[in-house]
Amino acid sequence: MSGFGGFVLRRTLGTVITLFAISVIVYVVFYATPGNVAQITCGPRCSPAQVHQVAEQLRLGDPLYVRYGHFLQGLLTGQDYSTGTSVQHCPAPCLGLSYQTDQQVMRLILTKLPVSLSLVFGAMAVWLVLGVGTGVLSAWRRGRLSERVLTGLTLAGQATPVFVIGLILMIVVCGQLELLPFPQYVNLSDDPEQWAWNLVLPWLSLALVEAAAFARLTRSSMLETLAEDHIRTFRAYGVGERSVIGRHAVRGALAPIIALNANTFGSAVGGAVLTETLFGLPGIGQELVHAVNVVDLPVVVGMVLVIGFFVVIANAVADVLYAVADRRVVLA
Amino acid sequence: MSEALVASPAPAADSSASGASGARQFWRRLRAQRAALVAAAVVALLVLVALAAPLLTAIEGQDPTTYHPSLVDSARGGVPVGPLGGIGADHWLGVEPQTGRDLFARLVYGARVSLGVAIAATLVQVLIAVVVGVSAALGNRWVDQVLSRTTEIIVALPLMIMSLALLAIVPGSFPRPVLVALVIGLIAWGTLAKIVRAQTLTLKQLDYVAAARLSGWSTWRIARRDLLPGLAAPLITYSALLVPMNIGVEAALSFLGVGVKPPTPSWGQMLTAADVWYQAAPQYLLLPAGALFVTVLALTVLGDGVRTALDPRAASRLRVGTGRRGEARADAGTTAGTDLPRPGTPADGTKEATA
């Protein structure tokens with residue numbers, strides 16, 4: 001067990017280092033670019049006096065590492081922002097201030113986060129059930145017509161971009177068949193039923209593309225497991241096909257599925273940007289696209305950092321789960 | 001763990017090292033797959049259309065950027081005049097709502113942008129991955145540590161988010177398609193670099209590389225003469241899968257309005273307003289959506305075919321999947337079950353490569 005504890009500790013340390021490195025990269029890329037950083041940060045409608053104030057706030061006169069240190073300090077302990085007439089305090093995980101809207105970036109993100117989390121985690125449930133289910137089914141029915149149909153569907157799902165699936169679903173389900181109204185986000189705490197109904201299409205559009213990869217992976221790792229000696233032994237002892245597939249072969253596919261789920265989380269976050277924009281869900285992704293279009297630099301940087309944080313944490317959690325599913329990893 | 005993960009898709013080290021015979025074998029295995037052949041034909045056709053875009057639009061007598069205000073009904077919000085969104089002898093696929101630009105011209109010029117950006121981005125990814133991966137594998141411990149850590153961090157960056165953000169800060173004067181290709185290329189090379197590093201480490205252990213080192217060849221010469229040919233198989237395999245991925249990313253960025261910007265046509269961009277017009281001009285939605293679907297599907301199937309042709313192990317797995325049941329079990333028992341280093345097809349010619 002000490003081996004496992006050591007593994008978790010090493011992995012946690014690695015995660016902290018990665019997070020630190022990402023914050024450095026993001027800071028350097030966005031705040032050390034050639035051009036007038038203060039002007040870009042402040043926005044196009046800023047007066048020279050305001051630009052001067054922003055330059056002071058960002059410590060632009062100081063060398064890069066001092067500026068980064070200041071930024072990191074704000075992130076860890078909070079910071080005070082002077083907006084000309086008053087001073088605004090930005091508490092601990094402070095990602096700065098949007099000078100275009102005079103809003104604290106962290107507060108903005110926190111209001112948008114529930115929407116994005118509802119979308120991504122709901123979709124994750126859908127792609128796991130749909131993808132792994134399809135994979136198990138096609139490994140079980142291998143060589144038959146149903147397997148070919150499933151393989152074809154999987155390939156088609158993989159080849160269709162998220163926003164095309166979403167567009168078509170929206171037009172067919174909401175526009176033509178009028179089965180559902182055009183999605184409008186409702187808070188989970190306000191009305192759980194409406195929350196779910198309005199998210200059905202976004203969940204499906206985001207999940208269908210990702211499910212394809214799970215179906216292929218599940219199918220191939222199950223077939224690999226089914227070819228192994230111990231499965232032959234089970235069969236020779238008369239263990240039923242249902243139990244061989246459902247209990248033993250699925251277990252062999254578990255570790256790779258966990259690893260893929262972490263990767264998929266990263267790409268699903270990108271897909272969420274598209275889904276939110278398409279369906280008009282007021283989440284982080286939609287806000288990010290807006291911030292990119294109006295070049296609201298503090299918001300862009302803050303969102304990239306928060307999303308990067310989630311993706312890195314998801315990867316670390318997956319690594320630990322992977323080790324639980326397959327103990328050989330710990331020894332490596 | 002990461003080592004084990006990236007090592008598995010890397011095909012047999014020496015399957016391509018035997019030069020001409022390896023290439024012939026590759027074609028033979030690729031031709032044996034009907035789906036891959038159809039996909040290859042579709043891809044070839046798409047490339048041809050993209051290259052011949054000026055010629056095709058000249059035959060039609062249109063261009064992708066001219067507005068035709070007379071062809072849209074401004075009284076009804078810019079719906080194209082005429083049946084089926086204005087399809088006719090002058091405009092083969094109709095015109096765009098509101099602007100009246102020719103859809104056929106925008107579609108074929110869009111193929112140029114889609115394929116061009118995706119292929120350019122793939123080249124950037126391959127270039128960076130080879131330099132980083134090979135240097136990490138051949139360099140000393142410090143070089144390897146620094147490069148491998150950097151790669152890990154690059155892998156952790158979410159591609160869509162980073163490219164969105166990067167596109168925000170670059171001035172608008174920069175040529176947009178080039179910029180999109182560069183951004184995608186600069187962010188998404190991590191996984192390929194890991195594969196290259198793992199493969200180079202494997203190749204480094206082989207006898208002929210050791211022999212080359214003993215005869216006093218420089219590291220650069222060994223990398224160029226002995227390692228690069230061995231890297232060809234995984235590089236081709238993985239980049240064949242990167243191209244459709246890059247097409248998707250470009251389309252997504254353009255769909256969001258931050259990728260390729262008008263007047264340059266792009267399939268993703270054409271879809272941005274399509275949901276508003278689907279009743280008046282359904283082809284405005286269906287054409288770019290269909291083009292994207294067919295292109296990504298053909299490239300994915302071709303990529304799978306290439307992998308199967310380059311990797312005998314994948315080929316044997318494929319047989320397990322499609323064969324009849326009893327046959328499949330017997331086949332799998334003799335290949336995947338045993339622990340031989342290279343359990344692929346017996347008449348493989350791999351022995352002569354290492355000899």
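Predicted model: local features only at pLDDT ≥ 70, side-chain atom pairs only at ≥ 80, totals over all residues.
Of the 332 residues in chain A, buried residues make up 41%; a residue counts as buried if 20 or more other C-beta atoms lie within 10 Å of its own, as exposed if 12 or fewer do, and as partly exposed in between, with C-beta atoms placed from the backbone. Residues are numbered from 1 along each chain as its sequence is written, while chains are lettered from A and ligands numbered from 1 in the order in which they are written.

Let me stay with chain A. Its secondary structure comes to 13 helices and 4 strands; helices (H or I, at least four residues) and strands (E, at least two) are DSSP runs, numbered from the N terminus. Along its principal axes, the C-alpha trace of chain A spans about 80 × 60 × 35 Å. Among contacts in chain A between residues at least 6 apart in sequence, 67% join residues at least 24 apart. Two residues are in contact if their C-beta atoms, placed from the backbone, lie within 7 Å.

How is chain A divided into domains? Domain 1 takes residues 3-105, and domain 2 takes 108-161 + 207-326; the bounds come from an automatic or database domain assignment. The centres of the two domains of chain A, taken over C-alpha atoms, are separated by 33 Å. Across the boundary, 23 residues of domain 1 of chain A are in contact with 20 residues of domain 2 of chain A. On the domain 1 side, helix H1 (2-31), helix H2 (37-42), strand S3 (97-98) and strand S4 (103-104) of chain A each supply at least two residues. H1(A) provides the largest share of that side, 11 residues. By class, the side of domain 1 that touches domain 2 in chain A divides into 12 nonpolar, 10 polar and 1 charged. Here Ala, Val, Leu, Ile, Met, Phe, Trp, Tyr, Cys and Pro count as nonpolar, Asp, Glu, Lys and Arg as charged, and the others, Gly among them, as polar.

I turn to the annotation of chain A. An unreviewed UniProt entry places "domain: ABC transmembrane type-1" at residues 113-322 of chain A. UniProt positions are given in the numbering used here, feature names are shortened, and annotations may be inferred rather than shown by experiment. That span of chain A is 84% helix and 0% strand, with its end C-alpha atoms 27 Å apart. The unreviewed entry also lists "transmembrane region" for chain A, including residues 257-279 and 299-325. Residues 257-279 of chain A are 100% helix and 0% strand, with end C-alpha atoms 29 Å apart. Residues 299-325 of chain A are likewise 100% helix and 0% strand, and their end C-alpha atoms lie 39 Å apart.

Why is helix H11 (residues 284-293) of chain A largely enclosed by the rest of the structure? The reason is that 7 of its 10 residues are buried. These are A:Ile284, A:Gly285, A:Gln286, A:Glu287, A:Leu288, A:Ala291 and A:Val292. Their cover includes helix H5 (105-140), helix H10 (241-279) and helix H12 (297-325) of chain A, together with H7 of chain B. Just after H11(A), A:Val295 takes a positive phi of about 50 degrees.

For chain B, the UniProt annotation "domain: ABC transmembrane type-1", from an unreviewed entry, covers residues 111-303. This span of chain B is 82% helix and 0% strand, and its end C-alpha atoms are 19 Å apart. Among the residues that UniProt gives as "transmembrane region" in chain B are 178-196 and 284-303. Residues 178-196 of chain B are 89% helix and 0% strand, with end C-alpha atoms 26 Å apart. For residues 284-303 of chain B, the values are 100% helix, 0% strand and 29 Å.

B:Gly110 counts as buried because it has 28 C-beta neighbours inside 10 Å. Leaving aside residues up to four places away in sequence, B:Gly110 touches B:Pro265, B:Ser266, B:Trp267, B:Met270 and B:Pro288. B:Met270 is 160 residues from B:Gly110 along the chain, and their C-alpha atoms are separated by 9.0 Å.
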